[in-house]
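Hi everyone, thanks for making time for this.

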Amino acid sequence: MRTCENGHQYYKSTDCPTCPKCEGEKKPLEGFLSKLSAPARRALENADIKNLSTLSTYTEKEILNLHGMGKASIPTLREALADSGLTFKPMI
């Protein structure tokens, strides 16, 4: 049993310090970040990628190299970019 700095109590079997209750409260209600898992969303936020125009400056490989980002998130990100007329940066 753990208690986060906001007083939420939760069980966690790993060393990850993230409180599930706090994480759920941070999840955006709309936009492309709302469609991602918490680890994938944190990976983008930690890299200061908070909008699609910034995301489009990265290659898929660069995004996959972010800690917490998995292959399952790439189709969601591709679709969000395409809906805005954008794409990932081409691999050179």
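**Starting from the core**

Okay, the largest nonpolar core here has 16 residues, and those with the most contacts inside it are Phe32, Leu44, Leu55, Ile63, Met69, Leu77 and Phe88. By nonpolar core I mean a set of buried Ala, Val, Leu, Ile, Met, Phe, Trp, Tyr and Cys residues joined through side-chain atoms within 4.5 Å. Buried, in turn, is under 20% relative accessible area, exposed is over 50%, and partly exposed is in between, with a 1.4 Å probe and protein chains only.

Which elements give two or more residues to this core? They are helix 2, helix 3 and helix 5, and helix 5 gives the most, with four residues. As background, in soluble globular proteins, nonpolar side chains tend to be buried together.

Quick housekeeping before I go on. This is a predicted model, so local features need pLDDT of at least 70 and side-chain atom pairs count only at pLDDT 80 or more, while totals for chains, interfaces and linings use all residues. Residues are numbered from 1 along each chain as its sequence is written, and side-chain values use heavy atoms, with hydrogens and water left out.

Back to Phe32. Not counting residues up to four places away in sequence, Phe32 touches Leu44, Lys50, Asn51, Leu52, Leu55, Leu77 and Ala80. Touching, or contact, means heavy atoms within 4.5 Å.

Now find helix 2, residues 38-46. Its buried residues are Ala40, Arg41, Ala43 and Leu44. Looking down the axis of helix 2, these buried residues fall within an arc of 155 degrees, so they line one face of the helix. That arc is taken from the directions from the helix axis to the C-beta atoms. What do they pack against? The buried residues of helix 2 pack against helix 1 (20-26), helix 3 (52-55), helix 4 (60-64) and helix 5 (74-83).

A salt bridge here is a side-chain nitrogen of Lys or Arg within 4 Å of a carboxyl oxygen of Asp or Glu. By that rule the count is three. The general idea is that side chains of opposite charge can pair when their charged atoms come close.

Arg41 forms one with Glu45, at 4.0 Å from N to O. Both sit in helix 2, four residues apart, about one turn of the helix. Why does that spacing come up? An α-helix has 3.6 residues a turn, so residues three or four places apart point the same way. Arg41 is buried, with a relative accessible area of 2%, whereas Glu45 is partly exposed at 27%.

Asp48 and Lys50 make another salt bridge, at 3.6 Å, N to O. Asp48 and Lys50 are both exposed. Asp48 follows helix 2, and its phi is positive, near 60 degrees.

Then there's Arg78 with Glu60, at 2.9 Å, N to O. Arg78 lies in helix 5 and Glu60 in helix 4, so this pair ties together parts that are 18 residues apart in sequence. Arg78 is partly exposed, with a relative accessible area of 41%, and Glu60 is partly exposed too, at 25%.

Next, the tail end. Thr87 is in the segment after helix 5, and it is exposed, with a relative accessible area of 55%. The C-alpha atoms of Thr87 and Ser56 are separated by 5.7 Å, although these residues are 31 apart along the chain. Ser56 lies in the loop between helix 3 and helix 4 and is buried at 17%. Leaving aside neighbours within four places in sequence, Ser56 is in contact with Leu81, Leu86, Thr87, Phe88 and Lys89.

At 18% relative accessibility, His8 counts as buried.
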